[in-house]
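User: I have a structure to read and I am new to it. Could you walk me through its features, one at a time?

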Amino acid sequence: YPFIVAGDWDRARTYVVYCTRNLGLRVNMRNSAQMLADEDSKVEGMGLIGELENTLTQLDASIYTAIFIPQDGDELAPEAKRYQGEALRYFEMAKEGIDTFLQLFDADTVERASKIALTRKEEIAI
């Protein structure tokens with residue numbers, strides 16, 4: 001998020017790619033959804049994963065396009081600002097999609113998974 005706001009497109013894209021490829025977000029979410037006991041929740045989870053994958057693709061595309069727009073001095077060019085706005089919108093949609101997905105799980109499961117996630121060390125080389 002801060003890299004999108006700053007117009008630091010390479011770093012912003014690195015984080016998106018890291019989440020989608022290195023962390024295997026879609027695969028891990030699919031595996032988690034398959035463990036849900038309720039069949040309706042499984043189906044809803046799979047649908048949310050598809051929507052999130054599309055949103056993340058749009059986020060990546062918005063950032064990627066902005067990379068090729070020349071800066072206007074210290075300011076972002078108007079075209080880059082347009083893609084920045086799109087990227088911010090897709091970023092918020094992705095966060096909402098993940099939050100909605102997490103609501104399919106009981107609070108104890110989410111808390112345990114959050115603790116495990118916090119132990120992981122962020123290692124993104126830019």
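Predicted model: local features only at pLDDT ≥ 70, side-chain atom pairs only at ≥ 80, totals over all residues.

User: Is M93 buried, partly exposed or exposed, and which cut-offs decide that?

Analyst: The general idea is a scale: under 20% relative accessible area is buried, over 50% is exposed, and partly exposed lies in between. M93 has a relative accessible area of 38%, so M93 is partly exposed.

User: How far is M93 from T55 in sequence, and how far in space?

Analyst: They are 38 residues apart in sequence. Their C-alpha atoms are 7.0 Å apart in space.

User: Let me step back. How many helices and strands does the chain have?

Analyst: The chain has six helices and zero strands. Read along the sequence, the pattern is α-α-α-α-α-α. Helix 4 covers residues 39–67. Helix 5 covers 78–102, and helix 6 covers residues 107–118.

User: What does the C-alpha trace span along its principal axes?

Analyst: The span is about 55 × 30 × 20 Å. The chain has 126 residues, and 30% of them are buried.

User: Which helix holds Y90, and is Y90 buried or exposed?

Analyst: Y90 lies in helix 5. Its relative accessibility is 13%, so Y90 counts as buried. Now pair Y90 with G47: they are 43 residues apart along the chain, and their C-alpha atoms are separated by 17 Å.

User: Now helix 4. Where is S62, and is S62 buried or exposed?

Analyst: S62 lies in helix 4. S62 is buried, because its relative accessible area is 3%. Look at its side chain too. A polar contact of 3.4 Å joins S62 and E86 through their side chains.

User: What about T57: where is it placed, and how exposed is T57?

Analyst: T57 is also a residue of helix 4. T57 has a relative accessible area of 47%, so T57 is partly exposed. T57 and N22 are 35 residues apart along the chain, with 15 Å between their C-alpha atoms.

User: Where does F68 lie, and is F68 buried or exposed?

Analyst: F68 lies in the loop between helix 4 and helix 5. F68 is exposed, because its relative accessible area is 59%. F68 and A80 are twelve residues apart in sequence, and their C-alpha atoms are 8.8 Å apart in space.

User: Next, salt bridges. What distance qualifies, and how many does a search of the whole structure find?

Analyst: The general idea is a distance test: a side-chain nitrogen of Lys or Arg must be within 4 Å of a carboxyl oxygen of Asp or Glu. The search finds seven salt bridges. One joins K81 and E75, with the closest N and O atoms 3.9 Å apart. K81 is partly exposed, with a relative accessible area of 43%. E75 is partly exposed too, at 49%.

User: Why are E92 and K95 about one helical turn apart?

Analyst: Because they are three residues apart in helix 5. E92 forms a salt bridge with K95, and the closest N and O atoms are 3.6 Å apart. E92 counts as partly exposed at 31% relative accessibility. K95 is partly exposed, with a relative accessible area of 39%.

User: Which partner does R112 meet in a salt bridge?

Analyst: R112 meets D108, at 3.2 Å from N to O. These two are four residues apart in helix 6, so they are separated by about one helical turn. R112 is partly exposed, with a relative accessible area of 48%. D108 is partly exposed, with 44%.

Methods. Residues numbered from 1 in each chain as written. Heavy atoms only, no water. Buried < 20%, exposed > 50% of the residue type's maximum accessible area, 1.4 Å probe, protein only. Polar contact = N/O pair within 3.5 Å; in protein donor to acceptor, adjacent residues only side chain to side chain.
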